[in-house]
Amino acid sequence: MLFRSDAHEWQTMVCSAQWLMGAGVQGLAFGAVTDDRKVDGERCRQMRDLVGEGDLVFHKAFDQLVDWSTASRQLMDLGVDRVMTSGRAAGCSAGLPAMRELVDGTAGQLNILSAGGISAANVVEVVRFLGVKQVHGSFSGGNPRNYQGLECEIQAARANLHAYFSPED
């Protein structure tokens, strides 16, 4: 699936974004890719202007871009704060090497938000390998309607992260 919106879909997204910003959200996630799988700079500028000083996240459309090096520089220049990626892999664990290259290549100027299959079992591995302090995950284990399991998974992930960042001496 290419994250390319036609004019009507884009206008709907812009209207929704305007409403959300007016309602007080802190930022937005979006993606804008051209037919030739490059960053759509015009739409990114439009979204940056709309979000103002809020956080701007380029979502997993990033994984579809042809040239990550050029794209990451362009997104930084366009004022994008972070990109969400699974390293072009089906899940984040398989994409860790590609994400690490991205972390190193952007030298902290663009936050990398690992996504795709984050769980309590792998969250510390992801954070440790990438050297990041943020991840994106549903923690649903493939079943987002299992609310009790979801709560347990999130609690376990938080406990694992707490133990990693605050080890007892």
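Two strands count as paired if DSSP finds at least two bridges between them. Keep that in mind during this tour of a predicted model.

Start by selecting Val83 in strand β3, residues 82-85. The bridge partner of Val83 is Ile112, in β4. In total, 4 bridges join β3 to β4, and the two strands run parallel. To follow the chain from β3 to β4, trace it through helix α4, residues 92-106; this β-α-β crossover is right-handed.

Now select the whole of β3. Is this strand covered on one face or both? Both: Arg82 and Met84 are buried on one side, and Val83 and Thr85 are buried on the other.

Next, show β2 beside β3. These strands are parallel too, and 2 bridges join them. Look for Val57, which stands opposite Arg82 of β3. Between β2 and β3 the chain passes through α3, in another β-α-β crossover that is right-handed.

Move to Ser114, which lies in strand β4, residues 111-115. Its relative accessible area is 0%, so Ser114 is buried. Which residues are in contact with Ser114, leaving aside neighbours within four places in sequence? They are Thr85, Cys92, Met99, Val126, Leu130, Gln134, Val135 and His136.

Finish with helix α2, residues 41-51. Colour its buried residues: Gly41, Arg43, Cys44, Met47, Arg48, Leu50 and Val51. In an α-helix, residues three or four places apart point the same way, because there are 3.6 residues a turn. Then show what covers the buried residues of α2, including α1 (7-22), β1 (27-30), β2 (55-58) and α3 (68-77). The last stop is Gly52, which follows α2 and has a positive phi, near 65 degrees.

Note on methods
Residues numbered from 1 in each chain as written. Predicted model: local features only at pLDDT ≥ 70, side-chain atom pairs only at ≥ 80, totals over all residues. Heavy atoms only, no water. Buried < 20%, exposed > 50% of the residue type's maximum accessible area, 1.4 Å probe, protein only. Contact = heavy atoms within 4.5 Å. Right-handed = clockwise from strand over helix to strand, strands pointing away.
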